[in-house]
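These are my notebook entries on a structure that I looked up.

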Amino acid sequence: MRILLIEDDRATADFMAKALAEHGHMADRAEDGRDGLYHASGGGYDVIVTDRMLPALDGLSLVQALRAAHVETPILILSALGKVDDRVQGLNAGADDYLVKPFAASELIARIEALGRRQSRDATETSLAVGDLAMDLLARTVTRSGKRIDLQPREFRLLECLMRHAGQVVTRTMLLENVWDYHFDPQTNVIEVHISRLRQKIDRDFSGPLLHTVRGAGYVLRADA
Amino acid sequence: MLYAALFSLSVLALGGFVYWAVDILVERQREQTVQAELQGLVGEFRAYGLPGLTRAIETRLAPERVGDGIYLLVDGLGRPLAGNLVGWPNSVEQRGPWLVFPVERRGVDRAEIHTAYGIEFPLPGGFRLLVGQNTQSATRVLDAITDVFLLGVLAMLLLAIGGGFLFSRNLLRRIEAINKGAERVRRGDVGYRMPVGSADDEFDRLGANLNAMLDEIGRLMSAIRSVTDNIAHDLRSPLTRLRNRLEEVAAGDRPAGERRTAIEAAIGEADQVLATFRALLSIADAESGAALAERDRVDLSRLAFDAAELYEAQAEEQGIAIEREINEGVEATGNRHLLFQAIANLLDNALKYGAGPVRISLYATDNGPRLSIGDRGPGVPEGDRERVVERFVRLDSSRSTAGTGLGLSLAAAIVRLHGGRLVLADNRPGLLVSITLPVADGEIAMSAVRRT
């Protein structure tokens, strides 16, 4: 994917560009808001990552300007401003995701990839499939190798989220936000138990595990182990 | 000074009014007396003729009768027949029916000229009768009033000026005392307190208020100091471990697998430090009150249900049951993410430090929604219940358990931010944490919150 990084702190920008390159993405860089807006308006990017406090033009105004100009590229705001209201402001301005500094590289990559994927996803999908695992979104049923798997509603949503991001790392906070719809800081890894339960249901009685834990990052649903 | 002047002016005005009123009263009195005298004398004349009239005038002028009466009876040629005037007055001023003329009377040691008022009454045969009164007594009364008032004003002025001076000197002295006190505190004598008298007047209350403010500042400062100490202490341990692990990695002569483990452990330590900072910032945000710019209607029942469900899987792993007693449709006003954080922290604590079963209950009361989370663990001794809500306070029995020591503080801060109360109680056995929130606002414009 082609990513535009708008970040005035060089060390942070270097760190992000390197991490993106390691995951096979290309990153262009802009060091202030005006330059960023210029590049972003040109289009051709899959995801835009922008800081909030930028020289020349602040991140929020930049996002608003892009949205006003009907540039629909997914935008992730990256900011040290991490209050609940800051987040709401960022999303209201038109950003698609909001990540608070300091962040883990894995979290950033996971979110960027999720945003890039969101763009290309067909919104009218009625079924999802990863390997021999199939999900019917209308009937709300899950089968693996043709065998029916019974899931609790929450487990279903958890699996749906993972299947929609198949092949990508999904972090714990992403799961909390997307599956539970709460943005909060769990003191302990409450997600882990839910994942291991789901794993028991979809992996235990079948050959070839699908649900993998990526240490220090999150989880990934992948057919080829 | 201004007050003294105003006061004197008003006293003078009052004096003037009294003078004027007395003057009018005296004049009316005089007119009535003169009219009555005249009628009486004319009556005598009609009954007994001239000799009767003369007799009557002489009776009235008898030495034992004192008064200001003036009588004069003259014949057709103007010769006085009776009365206490030597002759018909020369310079007479006519004022309506009244004649105003000067008379000479013996004063204490010399003759005095007074103004007299009289009425002339012509009698048959060219005789004329003059009845009047001089103003000697009236003038004396009015003079006395004037004197009294002038003296009064003078005394009052002196009193006002003197009293005002003393009063304002006292006032300034007390203000200066407070000024000096504030100066002392500002210069670093933070333990100094303003002098407070026993009068309980404005100055005493000002002093008491300032002292209360200084006490509060002192309390906050020591709270901050203890938090800073705690931060230093609680961050030093993970930072030290982080440093040690990095040193191990830097030493370099280890197999790749071990190095990787050491680096991951180091990242874990760093994450721990960051988590602590995040929690601290969240508490600070909640306490500053700035985080609630956006307020929504929150379905508390949903929150409690979701939190119970989120932690249920983990609880089961620990062999602890989470009992739900959640009433439907209980609402609050605020931020759902923050409130969820608070509930999650309490559940997390119950699972970490308590023992099963853990019960989460939610119901609406007249005073607003009430959410309780109770466990059957060792609980918190009564004396420690207020303390454990503070940042970083962990009871010795829980020191070994992983955690930042901030979960309960954050929950309490969030509840306070929402205008509610968090109370710790004995669950007999175990700990019962109760959150009471204000009744949800009737009409809250749903702000456009986009959710990811």
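Is α7(A) mostly covered or mostly exposed? I found α7(A) mostly covered, with seven of its nine residues buried. I counted a residue as buried if 20 or more other C-beta atoms lie within 10 Å of its own, as exposed if 12 or fewer do, and as partly exposed in between, with C-beta atoms placed from the backbone.

**Entry on the model.** I noted that this is a predicted model, in which local features need pLDDT of at least 70 and side-chain atom pairs count only at pLDDT 80 or more, while totals for chains, interfaces and linings use all residues. Residues are numbered from 1 along each chain as its sequence is written, and chains are lettered from A and ligands numbered from 1 in the order in which they are written. Within chain A, helix α5 (residues 105–120) has the lowest confidence, at a mean of 83, and strand β3 (residues 47–51) has the highest, at 94.

**Entry on chain A.** I recorded eight helices and 12 strands in chain A; helices (H or I, at least four residues) and strands (E, at least two) are DSSP runs, numbered from the N terminus. Of the 225 residues in chain A, 40% are buried. In α7(A), the buried residues include Thr173(A), Met174(A) and Trp180(A). Just after α7(A), I saw that Asp181(A) takes a positive phi of about 65°.

**Entry on the two chains.** I looked up where chain A touches chain B: 26 residues of chain A are in contact with 32 residues of chain B. Contact requires C-beta atoms, placed from the backbone, to lie within 7 Å. α4 (84–93), α7 (172–180) and α8 (190–203) of chain A each supply at least two residues of that side of chain A. α4(A) gives the most, with five residues.

**Entry on a sheet in chain B.** I traced an open sheet of five strands with mixed pairing, in the order β8-β10-β11-β13-β12 (chain B). Two strands pair if DSSP finds at least two bridges between them. The edge strands β8 (322–326) and β12 (421–426) of chain B each pair on one side only. I noted that β10 (residues 358–365) and β11 (residues 368–374) of chain B pair in the antiparallel sense over seven bridges. Ala364(B) stands opposite Pro369(B) in β11(B).

Methods. pLDDT is the predictor's confidence in each residue, from 0 to 100. Two residues are in contact if their C-beta atoms, placed from the backbone, lie within 7 Å.
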